[in-house]
Amino acid sequence: MPMFLDRHDVPGVTPEELADAHKLDVAIQDKHGVQYLTYWFEPENGSVFCLAEGPSKQAIETVHRESHGLLASTILELDGFVPLNNFFGARPNHPVGTAYTAPALRAIVFTDVCGSVAQTQELGDDGHMQLLKEHNEIVRSALVTHDGREVKHTGDGIMAAFTSVVSAVDFAVEVQRRLHERNQKATVPFEVSIGISAGEPVTDDNEDLFGAAVQLAARLCAAAASGDIAVSVAVRELCMGKPFRFEDLGELPLKGMPEPTRSYARIVRRSTLDAGPR
């Protein structure tokens with residue numbers, strides 16, 4: 001049975017009102033062969049994301065129309081090859097009719113081993129694979145420490161997701177610190193670039209699971225200098241008041257973007273790598 005994630009924008013809705021609406025959906029879902037599994041609710045901006053199984057988008061929409069009339073602005077059929085929990089982690093699991101909130105915004109992170117082609121030419125395939133293995137071990141260990149989830153391996157790096165934007169930045173700082181420590185005593189040093197963005201799972205402009213956030217994080221990773229962490233303005237703003245120091249990079253020409261985009265920043269690492277963020 002296909003799985004769908006839909007988006008509703010209902011500013012001002014309360015957790016209690018949303019719980020009642022979900023209860024109405026569940027009451028008639030069998031009539032249309034649909035099963036509503038859970039939902040995420042961002043009370044700050046009234047964004048709601050419902051996860052359901054059903055025969056079609058039309059069936060998902062029909063249940064909402066008949067039960068309470070709150071129609072989704074976007075309904076996305078999920079790719080079965082990308083497990084949802086790689087992005088979201090554990091699903092909210094509350095009795096039907098119980099009011100709750102569960103943020104859907106996620107931080108998306110890309111790492112990339114810099115100079116892979118040159119490394120392969122200089123070290124050979126085995127030498128490059130050994131460096132990649134060390135990268136994987138450092139990144140995966142830091143993911144465990146900071147509650148991140150590996151979404152996929154990209155060949156020369158890892159794509160990951162975090163519930164907390166601050167945890168994503170903490171993760172990136174730790175990875176660069178550990179690589180710095182490793183390179184100080186290694187015969188063959190290597191560096192990694194990291195890009196971080198944040199976003200909600202489905203937008204009206206991009207009907208893809210975290211599509212805009214994924215694309216932006218990948219572009220930021222590609223634009224980051226070796227050993228640096230490039231982040232979106234949303235990440236910087238969500239880290240306000242936290243012990244990180246950012247340098248405004250101005251307008252960056254990001255591959256795939258129609259024009260240079262302002263409001264990207266970088267965690268200042270070169271002079272503070274040993275001491276940690278200030």
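**Contacts, strands and enclosed spaces**

Leaving aside neighbours within four places in sequence, Thr 38 is in contact (heavy atoms within 4.5 Å) with Phe 49, Cys 50, Leu 51, Arg 91, Pro 92 and Tyr 100. The structure is a predicted model, in which local features need pLDDT of at least 70 and side-chain atom pairs count only at pLDDT 80 or more, whereas totals for chains, interfaces and linings use all residues. Residues are numbered from 1 along each chain as its sequence is written, and side-chain values use heavy atoms, with hydrogens and water left out.

Thr 38 belongs to strand S2, where strands (E, at least two residues) and helices (H or I, at least four) are DSSP runs numbered from the N terminus. With a relative accessible area of 3%, Thr 38 is buried, a class that covers values under 20%, while exposed means over 50% and partly exposed lies in between (1.4 Å probe, protein chains only). The side chain of Thr 38 also makes a polar contact, at 3.5 Å, with the side chain of Tyr 100; such a contact is a pair of N or O atoms within 3.5 Å, of which, within protein, one must be able to donate a hydrogen and the other to accept it, and residues adjacent in sequence count only if both atoms are side-chain atoms.

Not counting residues up to four places away in sequence, Gln 29 touches Val 34, Gln 35, Tyr 36 and Val 63. Leu 71, by contrast, sits in the loop between helix H2 (57–67) and strand S4 and is partly exposed, its relative accessible area being 38%. Beyond its neighbours within four places in sequence, Leu 71 is in contact with His 8, Glu 61, His 64 and Arg 65. From Leu 71 to Phe 87 the separation is 16 residues in sequence and 25 Å in space, C-alpha to C-alpha.

The pairing of strands was then examined around strand S7 (residues 158–162), which is largely enclosed by the rest of the structure, because 5 of its 5 residues are buried. In a regular strand the side chains alternate between the two faces of the sheet. In S7, Ile 158, Ala 160 and Phe 162 point one way and Met 159 and Ala 161 the other way, and all of them are buried. Two strands are taken to pair if DSSP finds at least two bridges between them. S7 pairs with S6 in the antiparallel sense over 5 bridges, and Glu 150 stands opposite Ala 160 of S7. S6 and S7 form a hairpin with 4 residues between them, and Gly 155 in the turn has a positive phi of about 105 degrees.

S7 also pairs in the antiparallel sense with strand S5 (residues 106–113), over 4 bridges, and here Ala 160 of S7 is the bridge partner of Val 109. S5 is itself mostly covered, 7 of its 8 residues being buried. Strand S8 (residues 192–199) is joined to S5 by 8 bridges, the two strands running antiparallel, and Val 192 in S8 is the bridge partner of Val 113.

On a 1 Å grid over the protein atoms alone, a cavity is a set of points where a 1.4 Å probe fits but cannot get out, a pocket is an open set with protein on both sides within 12 Å along at least five of seven lines, and lining residues have an atom within 4 Å of a point. Grid points are joined across faces, edges and corners, and a volume is the space filled by probe spheres set on the points.

The largest pocket holds about 280 Å³ of space and is lined by 15 residues, of which Asp 79, Val 82, Phe 87, Asp 208 and Leu 209 lie nearest its centre. Strand S4 (74–77), strand S6 (148–153) and helix H6 (211–223) are the elements that give two or more residues to this lining, and H6 gives the most, with 3 residues. The lining of the largest pocket divides into 8 nonpolar, 3 polar and 4 charged residues, where Ala, Val, Leu, Ile, Met, Phe, Trp, Tyr, Cys and Pro count as nonpolar, Asp, Glu, Lys and Arg as charged, and the others, Gly among them, as polar.

The structure also holds 2 cavities of 30 Å³ or more, and about 100 Å³ of space lies in the largest cavity. Among the residues that line the largest cavity are His 8, Leu 18, Tyr 39, Cys 50 and His 64. Helix H1 and strand S3 (47–53) each supply at least two residues of this lining, with the largest share, 4 residues, coming from H1. The lining of the largest cavity comprises 7 nonpolar, 4 polar and 1 charged residues.
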